[in-house]
Every structure is written in structure tokens, then in C-alpha cells.
Amino acid sequence: MSMREISYGRAGMEALVEEMRRDPTTLHLATDAPPSLVEEFGEARIRATPIAENAFSGIAIGAAGSGLRPIVNWSMVTFCFVAMDQIVNQASKIHYMFGGQQTFPIVFRSSVGGGTSLAAQHSQSPYSMFMNLAGLKLILPSTPYDMKGLLKSAIRDNNPVLSFESTRLMGLKGEVPDEDYTVPLGVADVKRTGSDITVVALAWLVHEALAAAEELEKEGVSVEVVDPRTLFPMDNETIRASVQKTGRLVIADEAGPTAGASAEIAALVTEDPATFKAMKAPLKRVCALQVPIPYSPDLENHVFPDRNRIIAGIREVMAAG
Amino acid sequence: MPASPELQRQMLRQMQTIRRFEERASDDYQNGAIYGVVHCYIGEEAVAVGVCSALNNDDQIISNHRGHGHCIAKGADLNRMMAELYGRQDGYCKGKGGSMHIADFSIGMLGANGIVGGGLSIVTGAGLAAQMAGQGRVAVCFFGDGASNAGSFHESLNIAASWKLPMLYVCEHNSWAANTSSVMTHAQTDVAGRAAGYGIPGVVVDGNDVLAVYEAATEAVARARAGEGPTLLECKTYRWRAHTERPGAVDPRPAEEIASWMARDPIQKLVDDLKQQQGQYSDAEFQALDDDVMAAVEASVAFAEASPFPAPEAALDDVFAD
Ligand SMILES: Cc1ncc(C[n+]2csc(CCOP(=O)(O)OP(=O)(O)O)c2C)c(N)n1
């Protein structure tokens with residue numbers, strides 16, 4: 001397979017464009033219509049909507065139920081909170097509530113995370129709010145390769161899929177194949193193998209965990225980094241297998257810990273008898289502090305976890321057993 | 001275009017079917033065979049029937065919590081409706097939805113909806129799909145005066161008007177949202193007046209006159225099919241019964257107000273119109289129609305009773321599509 005290097009943001013755009021070429025029933029709904037997309041696909045399929053997230057999210061549901069495959073871009077994830085009725089009461093339940101008689105293939109894209117001094121209303125990682133719902137699939141890519149492959153799978157899926165895309169990673173470069181490929185939903189990726197401790201890391205923190213692993217390798221600590229990639233369905237097997245191998249676990253998330261994805265991962269590891277028995281030390285969560293995200297850089301940096309906190313977390317777990 | 005005599009007879013049958021179906025549903029709810037909550041449409045039958053009579057089979061509608069009338073008017077199967085109310089496996093939603101969530105996508109019935117205002121944008125998406133398909137299909141939203149005050153009303157009408165979507169927004173103005181009078185909640189009496197803000201026609205019609213509703217809907221549908229965009233059609237009507245069928249449900253509405261609207265029964269009005277126009281419609285003919293309708297409702301109950309309850313494990317089915 002011949003490879004080339006593109007950015008994470010570009011990978012998302014390529015997935016969108018290639019899938020829109022592939023399937024004429026796709027259409028794009030967002031408050032802005034990127035000119036390059038309008039030029040290629042026309043105004044009918046690239047809709048510039050009013051700033052009415054509730055309505056255009058609902059429109060996507062009705063269009064999906066009428067034979068189209070809408071791709072919605074909310075832009076920042078926080079903007080989707082004005083569309084919560086459509087996401088929670090409608091999109092997540094509509095297939096089930098009507099006895100499975102109709103499919104609703106929709107992708108809702110949004111950017112998550114912080115590190116941009118945009119403060120609380122534009123910096124958030126609220127994916128666990130949606131993990132708690134039944135009926136939505138959730139992807140959270142950490143590399144250009146995963147972004148493109150997961151987003152393609154999401155667009156081809158027959159269910160509503162929320163794509164959470166890390167703001168901090170938009171410029172990150174990485175290799176993608178020239179050929180068409182997909183990354184299946186529900187399959188985690190071991191980003192680095194190791195034998196002493198597992199770090200399950202999400203999105204941007206995958207890269208921080210990899211940096212931490214490099215650092216600790218110098219001290220002879222072998223760190224395995226697992227990226228779930230999809231939050232629903234979650235690849236329990238891969239995560240449990242890694243923890244069974246290493247016996248130790250750190251979970252790193254840019255969201256706060258309370259009822260977060262990190263809590264779910266902790267539960268799925270500890271409630272599994274074989275994995276629990278294999279654990280040599282209590283697990284450790286390295287998450288954002290449980291506060292709205294502040295503006296001023298020193299405040300913001302204080303709130304978010306990073307490689308140093310992951311290193312500290314790993315040391316703590318290693319010391320405990 | 002006035003409705004043909006055959007069409008008028010069909011309208012009468014549908015209106016009577018809605019009424020008899022709901023009378024039975026209410027009884028069976030009281031005696032425990034139907035669960036949860038039931039909202040009756042009785043008194044408002046002319047709206048659903050008048051509008052749906054102006055539609056083709058492949059046109060789409062969306063409904064709200066008071067959805068039985070819309071389902072029947074769009075041609076839903078009484079058996080599967082009753083089985084759904086009974087919570088049975090052969091119900092439209094395999095027992096997962098109940099009264100507030102009956103849908104039949106095969107006939108363009110995109111579902112009742114338990115969230116007030118929830119359907120407005122969804123059906124606007126159906127309108128967008130219809131426009132993109134370019135086959136002259138239209139999409140219709142039924143919603144209450146209560147829903148007209150939700151933000152989704154404005155958002156959806158603005159988009160539909162901006163994009164000239166082939167749509168009809170039908171406000172069933174029955175003057176009460178649950179137990180609150182629209183006098184308390186509406187800045188202006190007529191919802192249709194808001195159409196001016198979107199530059200689309202806003203039409204007020206007597207919602208108890210099925211022929212008037214039909215004619216107004218026909219005109220709006222023709223406009224939508226011609227690519228001229230949506231219409232807001234406000235049907236003034238009234239529900240005869242309390243907001244829900246729950247025993248002991250409060251109903252703050254003045255008795256004289258209820259009585260005055262019951263004196264304007266939309267079904268009796270069509271019977272009278274038929275008698276007048278043709279001078280040959282008889283009470284005997286209506287009696288025969290009612291016997292038929294009663295038999296169909298009875299059969300739907302038998303169908304529902306014969307259908308098994310879903311297996312408990314079926315609760316895990318259909319969370320996701322394949
Ligand atoms: C978002 C939301 N708020 C409140 C309710 C409770 N509720 C159900 S029906 C209803 C009144 C709706 O009135 P209207 O839209 O006029 O319809 P009608 O019942 O008169 O047909 C209310 C308040 C709800 N289902 N959804």
C-alpha cells in the first residue's frame with residue numbers, strides 16, 4: 001500500500017469528499033458551506049443552514065428516514081447542546097421506538113477538547129454524556145489514519161454516529177494509504193506495545209501517552225498504549241487483554257473523571273473477573289480536573305492532563321505493586 | 001377543487017373510524033388492556049382527514065402525541081395500531097412504542113412523537129429529501145398550538161421557507177395545550193399570522209369543516225408540488241375530551257366552551273353536507289357505514305388480543321440497525 005502524509009483535519013475532509021463521491025444519497029448540513037465542497041457537489045448537497053442546530057439536526061433525522069445519508073457538522077461540540085432534544089429524544093431512540101422499521105444513517109461531526117484558550121463554552125469533551133444513551137455510535141479518532149478510516153465507516157453505517165474530533169490534533173500529520181480503506185467501528189488499536197503497564201488513552205492523550213512511554217522506556221518501564229478509537233461500541237476485549245498482560249492500568253482522558261469515559265473503562269476492566277485477578281495495583285485515572293474549562297493559559301494548563309501527569313500516574317501505579 | 005362525492009364518503013368513513021377507534025381505545029385503556037397514556041383526537045377528525053385526503057400515498061406526514069387520527073387518515077392498518085396500543089408483538093413498533101410512537105414508514109407516516117415540537121424539524125428533513133428526489137412528493141407536519149410556541153417551529157419554518165421546501169405545516173389550533181389556554185401563551189391569536197415573517201402563505205380555516213380543510217390543503221399541496229414552497233395552514237378546532245384519558249384527569253375547560261364545539265361536530269357536519277349537496281345521503285347509509293367501522297374496530301381488538309406479548313428479551317432488539 002502506498003502511503004502519504006496528511007493532517008488529521010485533512011483526513012476528515014478526504015473521508016467526507018470520498019464518501020460523498022461514492023454515495024449520491026449523502027448530503028452535508030452545517031452552518032457554513034465550504035466553497036470547495038459546493039463547487040464539487042453543488043448547493044443542493046452542501047447546505048448552508050441557518051444557525052439553528054436543533055432544526056438542522058432534526059432535518060438530518062427526517063432526511064435519513066427518507067432515504068438520504070446526511071452528514072451534519074455542528075462545528076464545536078458545545079453547539080450541539082441546543083440540539084439535545086433531537087439527539088437524545090429523537091436520533092438515539094427513533095429506530096428502536098418504531099420497532100426497527102426504518103434506518104437512520106447520520107453522522108454528526110464535532111470538535112472536542114481544549115488547549116485553545118477558548119474557555120468553557122468552546123472547550124469540552126462531553127462524549128460520556130452520549131455514551132450513556134443507547135442507540136448512538138461514537139468515534140474519537142487520534143490519528144489521520146484513524147480519522148479517515150473511522151469517518152468513512154461512520155458514513156457507511158446505518159445508524160446515527162457521533163464523530164468527536166480533537167481540536168488539538170487538527171494539524172497533526174500522519175500517514176494514510178492512497179487506496180480506499182476503512183477502520184471498523186468497535187475495534188481498539190494498540191498504538192504501542194509494552195509489558196509493564198497499560199495506558200488506555202483517548203484522542204490527544206494518545207500522543208501524550210506515547211511521549212510518556214518514550215520517556216519511561218529510558219528508565220526501563222515498558223508501557224503499552226491502547227486507543228479505544230470508538231467509545232461505543234467499546235472494544236472491551238482488547239482493553240482487558242492488555243491489562244491482563246501488564247497487570248497495571250492508567251486511563252488518560254481530556255474530559256473530567258466523574259462519570260466519564262475513564263469511569264466506564266475502569267468499570268469494564270475491574271468487573272471482569274479474569275482481568276481483575278490479573279491486576280497488581282489499583283488503576284489510576286489521569287483526567288482533566290472536574291471544572292468548566294478556564295480561559296487564561298495557566299489556568300487552562302492546570303486543568304488538563306498531559307504527558308507529565310501521565311508519567312506521574314504511571315510511577316504511582318508502578319510503585320503500588 | 002371540491003372533493004368528489006366518493007371522496008367525501010371516504011372522508012366520512014375515515015373520520016368515523018378515528019372516532020370509533022379512539023372510543024374503543026379509551027375504554028380498553030380504562031379497563032387496563034392499554035397502558036401508559038392515550039391522547040384522543042375526537043372532535044378534530046376533520047383536520048387529519050381533510051389534509052391527508054389531499055395527499056398521495058408517497059407523500060409523508062409526521063404527527064405528535066395525539067397521533068391516532070393522523071395514522072388512520074394516512075391509511076395505517078387498524079389491526080397493527082391496536083396491537084401496538086395493546087403492547088403486542090404484531091403492533092407497528094413490536095410493542096416498543098405504544099400510543100405516542102406509532103409509525104408506518106411504508107405509507108409515509110413518519111411517526112407520532114412524544115416530545116412537543118419534536119417532529120417539526122424531522123419532517124422538514126423529509127421535505128428536504130422530497131425536494132432532492134424531485135418527484136413531486138410533499139411532507140406535512142401536524143402539530144398543536146402548544147408546539148407552535150417551541151423554538152423548533154421558528155427554526156423549521158424559516159428553513160423550509162428559505163429553501164422553498166415542498167411542505168405543509170398544519171397547526172391544529174384547539175386552544176388548549178394540556179390544561180393551559182392558548183390565550184395565556186400566544187401573543188397573537190392566529191398562529192397563521194406568523195407566516196408573514198417567513199414570506200409564506202398563512203391560511204386560517206375552519207378545522208371542523210373537512211371540505212374546507214381539504215380545499216385549503218389541496219391548494220397548499222399544489223403550491224408545494226409546483227416548487228413554490230411551504231404553507232402554514234391553521235385549522236381552528238377543538239378536542240372533545242380531556243388532554244389525556246387518564247382516569248380523573250383534570251379538565252379546566254369551561255363546560256359551555258366544550259358544549260359549543262360539540263355542537264359543531266365535524267362528522268355530523270359532513271353528514272349534513274352530504275345530505276344537502278346530493279339530497280340522497282340517508283341516515284341508513286350512515287348507519288351501515290358505522291356498522292362497518294365498528295366491525296373493523298372490533299376486528300382490530302381481536303387481532304391485538306390474538307397477538308402475543310413480545311418476549312422480554314426482545315427489549316434488546318433493534319437498538320441498532322445492521
Ligand atoms: C417538550 C415537551 N414538553 C412538555 C410535554 C408535555 N405535554 C404533552 S402534550 C402537551 C400539550 C401540547 O399541546 P399542543 O401542542 O397544543 O397539542 P394538543 O395536545 O392540544 O393536541 C404537553 C405540555 C411534552 N410532551 N414535551
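Colleague: What area is buried between domain 1 of chain A and domain 2 of chain A?

Modeller: About 2,100 Å² is buried between domain 1 of chain A and domain 2 of chain A, with carbon and sulfur atoms giving 60% of that area; buried area here is the accessible area (1.4 Å probe) that two parts lose on being put together, summed over both. A:Met131, A:Leu140 and A:Arg168 supply 26% of the area that domain 1 of chain A buries against domain 2 of chain A, more than any other three residues.

Colleague: What should I know about the model and its numbering before going on?

Modeller: This is a predicted model, in which local features need pLDDT of at least 70 and side-chain atom pairs count only at pLDDT 80 or more, whereas totals for chains, interfaces and linings use all residues. Residues are numbered from 1 along each chain as its sequence is written, chains are lettered from A and ligands numbered from 1 in the order in which they are written, and side-chain values use heavy atoms, with hydrogens and water left out.

Colleague: Where are the bounds of the two domains in chain A?

Modeller: Domain 1 of chain A covers 3-177 and domain 2 of chain A covers 189-320, the bounds coming from an automatic or database domain assignment. Their centres, taken over C-alpha atoms, are separated by 26 Å. Domain 1 of chain A gives 26 residues to the contact and domain 2 of chain A gives 27 residues, where contact means heavy atoms within 4.5 Å.

Colleague: How many salt bridges are there between those domains?

Modeller: The count between domain 1 of chain A and domain 2 of chain A is three salt bridges, each being a side-chain nitrogen of Lys or Arg within 4 Å of a carboxyl oxygen of Asp or Glu. Separately, A:Asp146 forms a salt bridge with A:Arg229, and the closest N and O atoms of that pair are 2.8 Å apart.

Colleague: And which elements of domain 1 of chain A touch domain 2 of chain A with two or more residues?

Modeller: Helix 6 (127-131), strand 6 and helix 7 of chain A each give two or more residues to that side; helices (H or I, at least four residues) and strands (E, at least two) are DSSP runs, numbered from the N terminus.

Colleague: Changing topic, what is the strand order in the seven-stranded sheet of chain A?

Modeller: The order is 3-2-4-5-7-6-12 in an open sheet with mixed pairing, two strands being paired if DSSP finds at least two bridges between them. Strand 3 (46-48) and strand 12 (230-232) of chain A are the edge strands, each pairing on one side only, and the twist averages 20° from one strand to the next.

Colleague: In which sense do strand 6 and strand 12 of chain A pair?

Modeller: Strand 6 (residues 137-139) and strand 12 of chain A pair in the antiparallel sense over two bridges, and A:Leu138 stands opposite A:Phe232 in strand 12 of chain A. Helix 7 (residues 144-156) of chain A lies across strand 2, strand 4, strand 5, strand 6 and strand 7 (160-166) of chain A, running at about 145° to strand 5 of chain A; the axes are lines fitted to C-alpha atoms, for helices over the stretch in contact, and angles run from 0 to 180 degrees between N-to-C directions.

Colleague: What kind of peptide bond joins A:Phe232 and A:Pro233?

Modeller: A cis peptide bond joins A:Phe232 and A:Pro233, with omega about -5°, and A:Pro233 lies in the loop between strand 12 and helix 9 (236-246) of chain A. For background, most residues other than glycine have a negative phi, and most peptide bonds are trans. A:Ser75 has a positive phi, near 70°, and is found in strand 4 of chain A.

Colleague: How many residues of chain B are in contact with chain A?

Modeller: 39 residues of chain B are in contact with 41 residues of chain A. The area buried between chain B and chain A is about 3,200 Å², of which carbon and sulfur atoms give 65%, while the salt bridge count between chain B and chain A is zero. Helix 5 (119-133) and helix 6 (151-162) of chain B each give two or more residues to the side that touches chain A, and helix 5 of chain B gives the largest share, nine residues.
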